[in-house]
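Here are my notes on the model you sent over, point by point. Have the structure open while you read.

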Amino acid sequence: MEINVKAFQTAIQEANFEQINHSVTPKQAQADLTGALAPVFADLEAAINAGKLIQAQLTITSETPTYVRLETGVINLPFADSKKVSNFLDPDSMVPLKVYLIVATPDLNASDLHIDLVADAETYLAHPKANQAAVIAEVSEDLIRIKANHDAPQPVVKAAPASRAKTTRKTTTRKATTRKTTRKAATKRTPAAKKGE
């Protein structure tokens, strides 16, 4: 299953793809992650079989939501960065359509995003259970990392004391001394008297 790079970019920019969202609470995700992701897998499989691009998302609702997405793409960039695809691939080339797992939340890492290749679309359809198990395992690890980062004590930034005793260097101001220029009086030289004169 291949797609033209430019056609892929155009479809994403024109929002010509399926966008589906399912929501669960953190407790539901923790209790049954496989069940929580089941509708996302079903949406993904249906879209690939229909030859459509898809962004199937599971939102784990909380004060800081976690977004788990499966996207069909051509390179490991989220749909939001589809304009950058031509920096890496020739717009006229045909490339395999792939399935990517994207987990996004501020407590995940410095970039707030983790993206992994699951498989190319054909391989995903040929072995759905194995690929789904890999996705579940990866998301499970990410959720553990997110919780650990969220629960970790935040570093305390110590503010510098407002009035730090500064050592002041004594600076003396010198008066500009005016130099007296002494001119030598021009002395008229008289030629020495010649002997015998």
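1. Start with the buried side of helix H5: Asn131, Gln132, Val135, Ile136, Glu138, Val139, Asp142 and Ile146 are its buried residues. Buried here means under 20% relative accessible area, exposed means over 50%, and partly exposed is in between (1.4 Å probe, protein chains only). Helices (H or I, at least four residues) and strands (E, at least two) are DSSP runs, numbered from the N terminus. An α-helix has 3.6 residues a turn, so residues three or four places apart point the same way.

2. A word on the source. This is a predicted model, where local features need pLDDT of at least 70 and side-chain atom pairs count only at pLDDT 80 or more, while totals for chains, interfaces and linings use all residues. Residues are numbered from 1 along each chain as its sequence is written, and side-chain values use heavy atoms, with hydrogens and water left out.

3. What do the buried residues of H5 pack against? Their partners are helix H3 (33-49), helix H4 (121-126) and the strands E4 (66-73), E6 (98-104) and E7 (113-120). Contact means heavy atoms within 4.5 Å. The length of H5 checks out too: its 24 residues (128-151) should span 34 Å at 1.5 Å a residue, and the end C-alpha atoms are 34 Å apart, which agrees. The expected span is 1.5 Å times one less than the number of residues.

4. For the overall layout, the chain has five helices and seven strands, and along the sequence they follow the pattern β-α-β-α-α-β-β-β-β-β-α-α. Of its 197 residues, 33% are buried. Among contacts between residues at least 6 apart in sequence, 65% join residues at least 24 apart.

5. Now the largest pocket, with a volume of about 540 Å³. Its lining has 16 residues, and Pro26, Ile60, Leu143, Ile146 and Lys147 lie nearest its centre. H5 gives the largest share of that lining, six residues, and both helix H2 (26-31) and H5 supply at least two residues each. By class, the lining holds seven nonpolar, six polar and three charged residues. (Ala, Val, Leu, Ile, Met, Phe, Trp, Tyr, Cys and Pro count as nonpolar, Asp, Glu, Lys and Arg as charged, and the others, Gly among them, as polar.)

6. How is a pocket found? On a 1 Å grid over the protein atoms alone, a pocket is an open set of points where a 1.4 Å probe fits, with protein on both sides within 12 Å along at least five of seven lines; lining residues have an atom within 4 Å of a point. The volume is the space filled by probe spheres set on the points.

7. Isoleucine 60, one of the residues nearest the pocket centre, sits in strand E3 (residues 54-60). At 5% relative accessibility, isoleucine 60 counts as buried. Its contacts beyond four places in sequence are Val24, Thr25, Pro26, Ala29, Pro65, Thr66, Val68 and Leu143. The C-alpha atoms of isoleucine 60 and glutamine 28 are separated by 8.7 Å, although the two are 32 residues apart along the chain.

8. Threonine 72, in strand E4, is worth a look. Its relative accessibility is 0%, so threonine 72 is buried. A polar atom of its side chain lies 2.9 Å from the backbone nitrogen of isoleucine 54. Residues touched by threonine 72 include Phe8, Leu44, Ile48, Phe79 and Val99.

9. Tyrosine 124, in helix H4, is also buried, with a relative accessible area of 0%. Tyrosine 124 touches residues including Phe41, Leu44, Ile48, Val118, Asn131 and Gln132. From tyrosine 124 to leucine 44 is 80 residues in sequence and 9.8 Å in space, C-alpha to C-alpha.

10. Finally, alanine 15. It lies in the loop between helix H1 (5-13) and strand E2 (18-24), and is exposed, with a relative accessible area of 53%. Phi of alanine 15 is near 55°, a positive value in a residue other than glycine. Most residues other than glycine have a negative phi.

Methods: Polar contact = N/O pair within 3.5 Å; in protein donor to acceptor, adjacent residues only side chain to side chain.
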